[in-house]
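Here are some notes to read alongside the model. Please keep the structure open and find each residue as it is named.

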Amino acid sequence: MRFIFRVAATLQTAPEGVIDFRFQTKTDVQALLAEAGARPRHRWGQNFLIDGNLLRRLLTAAEIAPEDAVLEVGAGTGAVTDYLAEAAAAVVVVEIDPLLHELLDRRFSDRDNVTLLHGDVLTGKHEIRADVCDACRRAAVDVPGRLMLVANLPYNVATPLLIELLLDDCPFERFCFTVQRELADRFCASDHTKDYGPLTIIVHATCRVKRLAVLPPSVFWPRPKVESAMLRLDVDRNPFETPDGLRAFAELVHGGFAHRRKTLRYNLSRVLDDDALRTVEDEFDLSLRPEAIDVATWVHLGRRVVATRT
Ligand code: SAM
């Protein structure tokens with residue numbers, strides 16, 4: 001305990017900028033891990049961000065107001081949490097590593113605005129743990145500001161987590177995060193490319209997407225093998241109006257891409273009944289491959305299909 005305070009006291013102060021906060025150097029992270037009796041675990045994607053400029057970029061881009069609520073998934077040694085606890089009205093933190101969870105508990109137990117949850121943020125492959133959603137919903141109701149996610153995300157949960165947060169009826173307005181560059185490319189892809197797929201379409205149908213930075217392996221400790229990227233998504237519409245409609249669209253798009261090299265007709269005939277297939281056949285060219293359909297057309301097609309079900 002005493003050691004943690006000593007480390008916290010020696011954390012580096014960021015150079016002047018929009019945001020003033022202290023960030024963790026590699027030495028700080030190593031000391032905090034030693035204090036926790038932990039070592040970096042590859043299987044939990046534990047690559048800690050040790051570059052103050054990039055951390056500040058993430059936090060500046062999030063534009064957190066004092067009345068906002070923030071979810072952080074994968075708090076690690078608390079580098080981002082430290083700032084969030086100061087900047088936001090409510091912070092929900094999830095950490096899977098029991099040793100780091102204990103460390104975070106010691107660091108933030110005196111912060112009334114921090115709710116710390118231990119365990120995997122997902123139950124199963126594609127479901128967010130109920131208590132995480134509940135804590136976010138409560139926070140969103142309790143504070144007058146917006147609900148957002150700000151995190152240096154563990155690579156293995158990033159896709160299902162973000163898709164589920166978008167499809168859930170939890171009112172997230174912004175997502176500001178780092179992920180592997182390969183995944184970021186799928187968020188930003190154009191039609192007719194190999195990266196374009198269900199993730200791209202669902203995200204672009206609902207959000208404005210901005211790539212903020214590309215992060216070389218050297219800004220993390222330990223160094224990952226691949227580059228990362230920082231993204232901001234601003235949720236600005238649900239073209240299907242209801243969460244159920246949006247979820248039905250997501251299922252349709254996943255079905256439409258089940259076999260990328262086959263035609264849309266082949267793929268959709270496996271997920272649509274004859275009536276719905278006939279409806280879209282009249283209006284859309286189903287001889288195309290799914291990646292040849294732009295986002296606006298996918299949304300249009302989705303609206304037709306959803307309409308046949310209501
Ligand atoms: N926030 C820290 C930072 O920026 O330095 C650590 C980020 S590190 C990339 C990802 C963190 O997510 C690790 O602390 C890891 O233990 C945690 N993590 C990995 N899988 C998780 C999961 N399924 N649920 C919750 N936390 C997870």
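1. A polar contact is a pair of N or O atoms within 3.5 Å. With that cut-off in mind, look at N152: an N or O atom in its side chain is 2.9 Å from an oxygen atom of the ligand, so this pair falls within the limit for a polar contact. Note also that the model is a predicted one.

2. V121 has a backbone N or O atom 3.0 Å from a nitrogen atom of the ligand. For I96, a polar backbone atom is 3.3 Å from a nitrogen atom of the ligand.3. Which residues come nearest to the ligand? They are Q46, G74, E95, D120 and N152, out of 21 residues around the ligand.

3. Next, the overall layout. The chain is divided into domain 1, residues 12–235, and domain 2, residues 243–308. Between the C-alpha centres of domain 1 and domain 2 the distance is 32 Å. Domain 1 gives 17 residues to the contact, and domain 2 gives 17 residues.

4. The size of an interface is often given as the accessible area lost when the parts come together. For domain 1 and domain 2, the buried area is about 1,400 Å². Carbon and sulfur atoms give 72% of that area. On the side of domain 1, the residues that lose the most area to domain 2 are L167, Y196 and I201. Together these three make up 39% of what that side buries.

5. What joins the two domains by charge and by polar atoms? Side chains of opposite charge can pair when their charged atoms come close. One salt bridge is found across the interface of domain 1 and domain 2. The side chains of E164 and R247 form a salt bridge, with N to O at 3.0 Å. Six residue pairs are in polar contact between domain 1 and domain 2, counting pairs with both residues at pLDDT 80 or more.

6. On the side of domain 1 that touches domain 2, two elements give two or more residues: α7 (158–167) and α9 (198–206). The largest share, six residues, comes from α9. By type, the residues on this side are seven nonpolar, five polar and five charged.

7. The structure as a whole holds 20 salt bridges. R211 is in strand β11 (residues 207–215) and D185 is in helix α8 (residues 181–188). The two residues are 26 residues apart, and the pair links distant parts of the chain.

8. Most residues other than glycine have a negative phi, and most peptide bonds are trans. The peptide bond between W221 and P222 is cis, with omega about -10°. P222 sits in the loop between β12 (220–221) and β13 (228–235). E63 is not a glycine, yet its phi is positive, about 50°. The loop that holds E63 runs between α3 (52–62) and β4 (69–73).

Definitions and conventions: Residues numbered from 1 in each chain as written. Predicted model: local features only at pLDDT ≥ 70, side-chain atom pairs only at ≥ 80, totals over all residues. Heavy atoms only, no water. Domains from an automatic or database assignment. Contact = heavy atoms within 4.5 Å. Buried area = accessible area lost by both parts, 1.4 Å probe. Salt bridge = Lys/Arg side-chain N within 4 Å of Asp/Glu carboxyl O. Polar contact = N/O pair within 3.5 Å; in protein donor to acceptor, adjacent residues only side chain to side chain. Helix = DSSP H or I, 4+ residues; strand = E, 2+ residues; numbered from the N terminus. Nonpolar A, V, L, I, M, F, W, Y, C, P; charged D, E, K, R; others polar. Near = heavy atom within 4 Å.
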